[in-house]
Amino acid sequence: MANAILNSNASSSLVAALDSVSASKNPLIYSYGSKNTLGSAHVPAHSRTVVEAQSTSIGWNQNIDFHIIKAGQLENCFLKLTIANTLNNHANATLNTNYFNLIVEEIQLLTAGKVIMRNVPFGRACLMSQKSFGVRKNMEGLLQITRGAATTAIADNASATGYVPLLFSCFDVPELMYNSSFCEPMIVRVRLSTDNKYSNLVGGGQAAQSMDLTAASLIQVHRQMPSQLEQAQISANYSDTESLVRVQNEVVCEETSKTVAAAAGQEITHTLTTNRCINKLFVAVEDSLVANAGQYVEIQDIEVKANGQTILSMPGELVALGLNLDTDRANSGQCVGNYWEESSATSSTPHTQRVYCINFGMNSDHSAHLTNVVSAREINAFTVKATFTGAAAREYKLRVGALTPFLESINSASGKISTSLSS
């Protein structure tokens, strides 16, 4: 029988474009530095600066724009949000513990009115779930996610501050960073949800707890070299007439809702609609109650089909603990991931732990090199089915995230950023 994945890649425009580019060196040949040379890259002395950019207008249920300053290589960004409980009713405001991630409905990186990259709460949860354990825990701390609790409280007249990592692929490795001094002006656009969507969680007839947005800013981290070296870098990268072409990534999120019974063996099936190439599939099941938003439940079985063929049909535990891999890790490339963390109600963080990853590639370093994809454009009925236990007879959502690479080009004359092949 013909293999659906191999057939899909044979007709993929993105795969053909990447396969036609020769590598600068054979990755299996190693050389040592000779006399007066360094065996590894030398990074010149430079400055690392962190600035906080403000916006002219902030508020709930609206877009907030932040301009990227021109200060060299853009290394990272964090959205800083400060909220306050100012109802003066002497009552705690009860928030979903995943509040700071969920309340940011969408983050976009724009240039010249075009969206270059974007992400949503589930996409950010997918990316965090794949970080190393320490990194994931640090990000949970930035987002004020409480371990082993579905809610968190803010006292009357108190405030809380959370930092949302933007998690764009351009921040993953240095070679994908944007040189803000050369590229055309960039804007980060943030869309926030309504003020009490994830804070109206108090029962007993108590009034909804609307939160005040007291501050919002964008923390920007830049690396800048001396002007002479920076000009030499720009000249080396953009001196010829051809554009600088790179592979970036983003998570495309889809979902299917279904009302299930309060019993084991409940199933939800989702058919993917994206036509892009896929490096990883992320799967999670979410209770529809706002109080449980982002508190993903355990999945008993996962099945993936393409063109009627079963690509994978395995217990969720095996997918989580055994099938994720990273061939970049010497002697420990198999059984990679963070799902090993104790999953009891008193110790887990389901928002970033109970996201199941199906890796079509061979490593987690998807930004530095691409090892394999599946072209969804060439597949009919690309379906994902999850089996789980319904805690109550109500609606559940099957969320599917697809890590999708795409080609990006930066014009050598104008610094204009464009995106192209993705399927």
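## A briefing on this model

The side chains of Ser 193 and Glu 105 are joined by a polar contact of 3.3 Å. A polar contact here is a pair of N or O atoms within 3.5 Å; within protein, one must be able to donate a hydrogen and the other to accept it, and residues adjacent in sequence count only if both atoms are side-chain atoms. Please keep in mind that this is a predicted model, where local features need pLDDT of at least 70, side-chain atom pairs count only at pLDDT 80 or more, and totals for chains, interfaces and linings use all residues. Residues are numbered from 1 along each chain as its sequence is written, and side-chain values use heavy atoms, with hydrogens and water left out.

**Around Ser 193**

- Ser 193 sits in the loop between strand 10 (186-192) and strand 11 (212-224); helices (H or I, at least four residues) and strands (E, at least two) are DSSP runs, numbered from the N terminus.
- With a relative accessible area of 1%, Ser 193 is buried, a word that means under 20% relative accessible area, while exposed means over 50% and partly exposed in between (1.4 Å probe, protein chains only).
- Apart from its neighbours within four places in sequence, Ser 193 is in contact with Trp 60, Asn 61, Ile 103, Glu 105 and Tyr 198, where contact means heavy atoms within 4.5 Å.

**The whole protein**

- Eight helices and 22 strands make up the list of such elements in the protein.
- The protein has 423 residues, and 49% of them count as buried.
- Among contacts with a separation of 6 or more, 80% are between residues 24 or more positions apart.

**Salt bridges**

- A search of the whole structure finds 19 salt bridges, each a side-chain nitrogen of Lys or Arg within 4 Å of a carboxyl oxygen of Asp or Glu.
- Arg 118 and Glu 106 form one of them, with their closest N and O atoms 2.4 Å apart. Arg 118 lies in strand 6 (residues 114-119) and Glu 106 in strand 5 (residues 104-111), so this pair ties together parts that are 12 residues apart in sequence.
- Arg 118 is partly exposed at 34% relative accessibility, whereas Glu 106 is buried at 17%.
- Lys 397 and Glu 255 form another salt bridge, the closest N and O atoms being 3.8 Å apart. Because Lys 397 is in strand 21 (residues 395-410) and Glu 255 in strand 12 (residues 244-259), the pair ties together parts 142 residues apart in sequence.
- Lys 397 and Glu 255 also belong to a network of salt bridges that links Glu 255, Glu 286, Lys 397 and Arg 399.
- Glu 303 and Lys 385 meet in a salt bridge too (3.7 Å, N to O). This pair links distant parts of the chain, with Glu 303 in strand 16 (residues 299-306) and Lys 385 in strand 20 (residues 383-388), 82 residues apart.

**Cysteines**

- The structure holds zero disulfides, a disulfide being a pair of cysteine sulfur atoms within 2.5 Å. For Cys 170, the nearest cysteine sulfur is that of Cys 77, 7.7 Å away.
- Cys 170 is buried at 0% relative accessibility, and Cys 277 is buried with a relative accessible area of 0%.
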